[in-house]
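The sequence and the structure are shown first, and the description follows.

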Amino acid sequence: AVVSTQSTGIPEVSQPAMAAISLLTLEEKSAIERKTLWSSKEEAILQQVEVSSQPKIEFFASLLHQHPLVFHPARTPRDLMVQWERLRQYSLLADQTVQPQNLAESVLNFSDVEEQMTDEELLAEQPDPLLQGEMRKIDRRHKLEIRKLEDEIKHWHTMVGGPDNGPFSFDLDNETYAALRGRLVRYLMRSKEITLGRATPSHQVDVDFSLEGPAWKISLKHGIIKFHGGEFFLWNFGKRPIYIDGHPVIQGCHTKLQHQCVIEICSLKFIFLINQTMAETKGEKPSTSGGK
C-alpha cells in the first residue's frame, strides 16, 4: 500500500490504499488513529504527573488542552489516563523509584529447585486423586474400544476371508461370486457389483485396500468390479492406473477379468479368483481369457 519514491524519499500511498481509506467511516478512522504509538514528548509530559496527585479524568482533559501541539489530535482524556496508568504500573513516572532486588531473597529458578529436590521427596509424594481418576477413565475408554473392535470381528469375517493354505486354493460358498486374494487378507465378492477404494469415517467401500497395506495413494472410490453375462469387468475411476496382468487400465476405462489374473493398484497386488461352481449353477460360465 506504500510506495517509496526515489526522488524525495518520502513514502507515497498507493491509489488502491487511498481508495480503501476513503471508504472508512469516521468512527473507524478515529479508532485507528487512537492506536498511534506514543511519542517520547507525549510520554515525557505524562511522566511529570506525580502519583501522589491521584489525577482524575478532568486533569488529563486540561493537560490535553494545554499541549495541543504535542499530543496527537486523536488522543482523548481517557487515552492519556490509560497511558499514565500504564507508566505508573511499570514505575516509569518521575517521582517513582525502582527498589533494588535483594539477592538474598531472589526468586529461585527451575534448575536451583531441581538441585534441592531429592529422590526421597519424589517417592514420598502421595498419588493425586484427580490424576488417578483420569487414568481410570482413560483405561475404561480403552477397554470399551477393545470390546467394540471384538464385536466387529464377525462383521469383518463376513467381508474379509482368512489366509489360504495354497497360492490359489480357496473354498467359497454359494453366496460368493469371486475373491480378491492379497498378501494378508482376502476380499469376498458377494454381490454382482462391488466398489474398490479406501474407506474413511464418512465414506465406505466394499473393498478397503487399506486393510492390505499402504493405501494413501488410492482414491476413495478407485473402481468397481461387476459380474454381468457370466463375465467379470473392472472399471477404473481413480487417477492412478490399475494393472491387470501388467497391462494398465487408466481412468475412465474398463477391462474384462479372467480367473487367476493379477490385479495391481499402487504397489498392492491381488489374485482374482472366480467361483466356477456358482457361475455354472447360475448357468453362466465365466470367461477364461481377458480382453480390453
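The number of disulfides in the model is zero.

**Overview and confidence**

The model is a predicted one. Its chain contains 10 helices and 14 strands. Of its 292 residues, 28% count as buried. Among contacts between residues at least 6 apart in sequence, 48% join residues at least 24 apart.

The average pLDDT of the chain is 81, and 78% of the residues score at least 70. Confidence is highest in strand S10 (residues 242-244), with a mean of 94, and lowest in strand S3 (residues 160-161), with a mean of 49. The pLDDT is below 50 over residues 161-169, a stretch that has 14 contacts in the model beyond near neighbours in sequence. Residues 286-292 also stay under 50, and for them the model has 22 contacts beyond four places in sequence.

**Helix H4 and its surroundings**

Helix H4 spans residues 57-66, and its buried residues are Phe60, Leu63 and Leu64. Seen down the helix axis, these buried residues fall within an arc of 100°, so they line one face of H4. The face turned away from the buried side carries the exposed residues Glu58, His65 and Gln66. The buried residues of H4 pack against helix H3 (40-47) and helix H5 (77-89).

Helix H5 includes Gln83. This residue counts as buried, at 5% relative accessibility. Beyond its neighbours within four places in sequence, Gln83 is in contact with Trp38, Glu43 and Leu46.

| Residue | Relative accessibility | Class |
|---|---|---|
| Gln83 | 5% | buried |

**Nonpolar cores**

The largest nonpolar core has 28 residues; those with the most contacts inside it are Leu180, Phe209, Ile225, Phe232, Leu257, Ile263 and Phe272. Elements that give two or more residues to this core include strand S4 (178-181), strand S5 (186-189), strand S13 (261-265) and strand S14 (268-274). The largest share, four residues, comes from S14.

Leaving out residues up to four places away in sequence, Ile263 touches Leu180, Leu234, Ile242, Tyr243, Ile244, Leu257, Leu268, Lys269, Phe270 and Phe272.

**An open sheet**

Five strands form an open sheet with mixed pairing, in the order S7-S6-S8-S9-S12. Strand S7 (207-208) and strand S12 (254-257) stand at the edges; each has a single partner strand, so one side of each is left without a neighbour in the sheet. In general, strands of a sheet pair through backbone hydrogen bonds, either parallel or antiparallel. Strands S6 and S8 run antiparallel and are joined by five bridges. Ile194 has Ile225 as its bridge partner in S8, and Ile225 is also one of the residues with the most contacts inside the largest nonpolar core.

Notes
Residues are numbered from 1 along each chain as its sequence is written. This is a predicted model: local features need pLDDT of at least 70, side-chain atom pairs count only at pLDDT 80 or more; totals for chains, interfaces and linings use all residues. Side-chain values use heavy atoms; hydrogens and water are left out. Buried means under 20% relative accessible area, exposed over 50%, partly exposed in between (1.4 Å probe, protein chains only). The arc is that of the directions from the helix axis to the C-beta atoms. Contact means heavy atoms within 4.5 Å. A disulfide is a pair of cysteine sulfur atoms within 2.5 Å. pLDDT is the predictor's confidence in each residue, from 0 to 100. A nonpolar core is a set of buried Ala, Val, Leu, Ile, Met, Phe, Trp, Tyr and Cys residues joined through side-chain atoms within 4.5 Å. Two strands pair if DSSP finds at least two bridges between them.
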